[in-house]
Amino acid sequence: MKRKLLIALLSLTVAACGFGLVACDKEGEKNSNVEITNINQAYNVATELGYGGTLDEFIIAIKGEKGDKGDKGEDGIDGVGVENIIVDADGEIVIVLTNGDECHLGKINSADGRGIIKAEFNANGEVVFTYSDGTSENIGKIPDCAHIYGEWTTIEEATCTSIGYGIRVCSACGYKDYEFTRAKGHYFDRGITLKEATCTEDGYKQYICYDCNAVKAETVPAIGHSFENGTCANCGRKTYSEGLEFTLSADGTYYILEGMGTCTDVDLIIPETYNNLPVAEIGELAYNKRLNIKSVTIPRNITSIGRFAFSDCTRLEKVYFNAENCADLASWGSDAFIGSGGEHGISVVIGKYVQRIPAHLFDWSASSVSRLVNVVSLTFEADSVLKTIGESAFAVSGLIEVNLPDSVELIGKDAFRQSERLKTVNLGNGVTSVEAGAFDSCGNLENISIPDSITRFEFNNFVYNENLKFNEYKNCLYLGNEQNPYTVLVDVATEEETSYEIHGDTKLVYNGAFAWCRKLESITIPKTVTEIENYAFYECENLKTVYFTGTRGEWEVLLYNSGTNNPVLKTVTVHFGEE
């Protein structure tokens with residue numbers, strides 16, 4: 001407080017009190033820096049410039065030797081405060097500082113000879129003058145010091161990862177001004193290649209900073225094949241694997257891939273055609289227990305994959321699935337990839353022209369042989385046109401995260417069921433329907449993004465997962481997306497309310513959302529709701545009144561879309577908002 005008052009008094013102007021005080025400003029000097037008046041402002045500037053420490057660490061770095069309070073309540077060891085304000089024997093106002101220095105402000109007399117005999121601060125921090133005639137005048141709080149700074153002094157030089165700073169001190173009031181410089185950032189050399197990238201395998205480089213010797217590692221992506229006249233110019237690989245074994249179909253219109261034949265490739269590329277006819281089927285057991293296979297590319301013409309086609313390929317790491325019109329695999333146990341992937345798992349890439357992922361493609365749970373298909377990664381080529389994910393396509397997977405392209409509209413029954421490691425799901429921006437059980441028994445699911453395009457979300461018990469993060473509004477729990485957190489009303493926070501109001505951006509009321517709310521008497525439903533799922537108001541025998549913000553016609557459409565398992569809605573009294 002004392003230091004602040006000193007700063008104020010020393011910058012007093014003629015306009016402030018009508019007398020000839022001399023301000024401690026140098027004519028023409030202007031401070032171009034933004035004045036930092038507290039430690040939080042200084043810390044914010046520091047972090048913008050690259051400082052990575054905490055506020056406490058920053059305070060320790062810049063405060064005085066005895067801390068930010070000092071042993072007398074001043075601002076650190078260098079802090080200076082006002083000890084007293086007096087008028088000396090010559091009629092001058094003198095500011096006595098806590099360090100023993102004095103600031104003489106000169107004689108102050110009014111035009112009629114009346115002089116100031118006393119100057120002091122009142123309890124509000126205002127300056128009060130007492131005149132020689134016994135009168136007094138409160139001139140209010142005094143503006144801050146305009147500051148006359150000395151040269152900048154560098155305290156800490158900037159390094160690669162931390163900011164530098166310097167200070168300058170006002171010679172009039174002792175105020176410290178801080179100047180920060182950005183962290184320089186690392187200056188890395190051109191690096192050392194430890195492993196060259198190939199057509200199919202990533203490379204590896206390391207870099208060392210010239211200034212601080214920090215090390216940066218970098219993965220160099222595989223360069224990919226560059227085919228010319230059917231052969232890769234980089235590695236000599238053919239556009240497809242040679243020496244594979246085929247048989248002609250009974251009607252003579254296509255070929256069936258039966259096995260490896262004389263082929264020894266570990267990265268298996270199945271051709272689209274053979275002898276000028278399409279390769280349309282992969283036979284049963286075609287690659288069973290081919291332990292050397294690391295990747296397989298399934299071409300666009302494949303329409304059928306036989307049972308155990310790629311079973312027990314324990315070293316299999318990647319599957320490039322490009323089959324545009326592949327039929328669903330058998331629900332009773334297709335087992336196309338059963339036992340494959342080993343502990344490291346399989347990364348699946350879906351080609352850009354695939355519109356439907358077949359049912360049970362990587363499902364193993366229907367099999368009589370219980371060996372997991374360990375799918376750990378699911379990605380989609382750019383500009384994907386995928387529309388549908390078939391029933392149980394990735395059931396019991398090892399997936400942790402699923403990010404669907406915006407083209408996907410339908411997620412089939414049990415599509416990701418029992419994927420117990422799954423934590424994050426992004427349904428994209430085009431999904432309209434999620435069928436029953438698509439995410440059942442995904443016990444670790446924490447986040448799911450549901451787009452506003454949704455019109456049907458059948459029962460999935462994942463919504464009762466304790467780890468799942470909901471958005472709450474007026475005692476109701478919602479799932480949605482970044483733009484609209486209230487897309488689907490899933491449950492209630494408490495079943496004891498007599499009235500609920502559904503958020504105005506909600507599109508769908510989930511199955512059983514208000515079930516067993518036996519005290520519920522009235523509810524407000526916005527016209528944005530397009531469907532109320534089955535049993536949403538199960539056992540709500542006291543619900544008598546609905547306030548619907550739309551018209552009678554819109555309400556009738558909503559009831560029609562909501563099916564027959566919400567009988568309570570057909571007996572309530574409805575008040576309409578737009579009639």
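Me: Which backbone oxygen does the side chain of Asn484 reach?

Reply: A polar contact is a pair of N or O atoms within 3.5 Å; within protein, one must be able to donate a hydrogen and the other to accept it, and residues adjacent in sequence count only if both atoms are side-chain atoms. Here the Asn484 side chain reaches the backbone oxygen of Asp505 at 3.0 Å. This is a predicted model, in which local features need pLDDT of at least 70 and side-chain atom pairs count only at pLDDT 80 or more, while totals for chains, interfaces and linings use all residues. Residues are numbered from 1 along each chain as its sequence is written, and side-chain values use heavy atoms, with hydrogens and water left out.

Me: Where is Asn484 placed, and is Asn484 buried or exposed?

Reply: Buried means under 20% relative accessible area, exposed over 50%, and partly exposed in between (1.4 Å probe, protein chains only). Asn484 counts as buried because its relative accessibility is 5%. Its place is in the loop between β34 and β35, where helices (H or I, at least four residues) and strands (E, at least two) are DSSP runs numbered from the N terminus. With contact meaning heavy atoms within 4.5 Å, Asn484 is in contact with Asp452 and Asp505, leaving aside neighbours within four places in sequence.

Me: In what order do the five strands of the open sheet lie?

Reply: Strands of a sheet pair through backbone hydrogen bonds, either parallel or antiparallel. Two strands pair if DSSP finds at least two bridges between them. In this model the order is β33-β34-β35-β37-β39, with mixed pairing. At the edges are β33 (471-473) and β39 (531-532), each pairing on one side only. β33 and β34 (residues 476-479) run antiparallel and are joined by three bridges; Tyr473 has Cys476 in β34 as its bridge partner.

Me: How many salt bridges does a search of the whole structure find?

Reply: A salt bridge is a side-chain nitrogen of Lys or Arg within 4 Å of a carboxyl oxygen of Asp or Glu. The search finds 15. One of them joins the side chains of Lys474 and Glu501 (2.9 Å, N to O). Lys474 lies in the loop between β33 and β34 and Glu501 in strand β36 (residues 499-501), so this pair ties together parts that are 27 residues apart in sequence. Lys474 is partly exposed at 47% relative accessibility, and Glu501 is partly exposed at 32%.

Me: Which side chain meets that of Glu539 in a salt bridge?

Reply: The partner is Arg518, at 3.5 Å, N to O. This pair links distant parts of the chain, 21 residues apart: Glu539 is in the loop between β39 and β40 (545-548), and Arg518 in the loop between β37 (508-509) and β38 (522-525). Glu539 counts as partly exposed at 31%, as does Arg518 at 38%.

Me: Which residues have the most contacts inside the largest nonpolar core?

Reply: In soluble globular proteins, nonpolar side chains tend to be buried together. A nonpolar core is a set of buried Ala, Val, Leu, Ile, Met, Phe, Trp, Tyr and Cys residues joined through side-chain atoms within 4.5 Å. The largest one here has 72 residues, and Ile298, Ile411 and Phe439 have the most contacts inside it. Another core, of 30 residues, lies apart from it and includes Phe514, Cys540, Val568 and Val574. Beyond four places in sequence, Ile411 touches residues including Ile389, Leu404, Phe416 and Phe439.
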